[in-house]
Amino acid sequence: MHSKKIPIINSSKNKKKLPNFIWAIILSLIFMYGGSLMGSLATVPLFLALRNIPLFFNNKDLLSLLITLFSFAFISLLVFFRVKVIEKRSFSSIGFNKNNWLKKYSLGFLIGLAMMSIIVLILFPFGYITVEKNPIQPVGISAIASVLVILLGWIIQGATEEIVTRGWLLNVLSTKYNIGVGLLISSTLFGLMHLTNPNVNYIAVINIILVGLFYGLYVIKTNDLWAVCGMHSAWNFAQGNIFGFKVSGLDVSVGSLIDLNLVGSDFVTGGIFGPEAGITATFILLASIGILLFIDKKRYFSNKPLKS
């Protein structure tokens, strides 16, 4: 796989101030943690404005999670500043082509929902999933308002992590070195950034790295970031607020369409970390990568030049 054939990589060629891999990793961490700090401060007025609205007044955890997810927007702003002001290139160069953006995002969102739903459909018949009989969060019809509101937060959060890791880091490292280096470092960093999450284990880290590889390959094959933004948001949203699982070890029980429990072998299900820490997710991710590579060989994708 040569970067000369990939427009999303080639779009960064001959641009000044593209960092080496050490500085690129440091910058990515600055984006993530510096932007999060900025966001936590900047969203205080939003928290104060929303806290007395009945939906949030009666579900304070919903407001806290929503504000946390909204704060990710400031991470994206740091990346956009770097791309536009320092590297002096267009947003299309990181995969945000305006053509058919909603269609691309929607397709990605459906893929993300399907992948998590398949995991549930595999686990449920074998008794690895039970339905919570005494939920502590709103469930079903009573949770619809909360679910729709928190979806906005997942849209921001999922897109932000893709902007940092696939839109920027994969892009600049593939340009400076080669696509293999870009894929390896961006995916590995993506996995390692979850090491501080509650109840993380080695399968969880491996699976999150596999997620990064799948998303990275999709970006390379399609020259597009919209779809993986949709996939990422849908994957998290489905885990936490459709099926009621933990999301990367984090408790997001603020409302769910169904409230399910993972039971039995943690090796199979992921246990208290959520499905991402189970071997079932490993199988689905490897299968997804295989399918992606297969349809690429059938020339389903076309690497058309990017337009600003």
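Me: Which helix does T269 lie in?
Reply: T269 belongs to helix α12, residues 266-269; helices here are DSSP runs of H or I with at least four residues, strands are E runs of at least two, and both are numbered from the N terminus. This is a predicted model, in which local features need pLDDT of at least 70, side-chain atom pairs count only at pLDDT 80 or more, and totals for chains, interfaces and linings use all residues. Residues are numbered from 1 along each chain as its sequence is written, and side-chain values use heavy atoms, with hydrogens and water left out.

Me: Is T269 buried or exposed?
Reply: T269 is buried, with a relative accessible area of 1%. Buried means under 20% relative accessible area, exposed over 50%, and partly exposed in between, with a 1.4 Å probe and protein chains only.

Me: What does T269 touch?
Reply: Not counting residues up to four places away in sequence, T269 touches L123, Y128, L262, V263, G274, P275 and G278. Contact means heavy atoms within 4.5 Å.

Me: And where is G230?
Reply: G230 is in helix α11 and counts as buried at 0% relative accessibility. Leaving aside neighbours within four places in sequence, G230 contacts Y105, G108 and F109. From G230 to I111 the C-alpha distance is 8.3 Å, although 119 residues separate them in sequence.

Me: Changing topic: which residues touch the most other members of the largest nonpolar core?
Reply: They are I150, W168, F237 and F243, in a core of 85 residues. The largest share of this core, 13 residues, comes from α8. A nonpolar core is a set of buried Ala, Val, Leu, Ile, Met, Phe, Trp, Tyr and Cys residues joined through side-chain atoms within 4.5 Å.

Me: What does W168 touch?
Reply: Beyond residues up to four places away in sequence, the contacts of W168 include P19, L27, F31, V83 and I163. Among the others are R82, E87 and R89.

Me: Now the whole chain: how many helices and strands?
Reply: The protein chain has 13 helices and two strands. Its radius of gyration is 19 Å, close to the 19 Å that the globule rule gives for 308 residues, so the chain is as compact as a globular protein of that length. The radius is taken over C-alpha atoms, and the rule is 2.2 Å times the number of residues to the power 0.38.

Me: What percentage of the residues is buried?
Reply: Buried residues make up 52% of the 308 residues in the protein chain.
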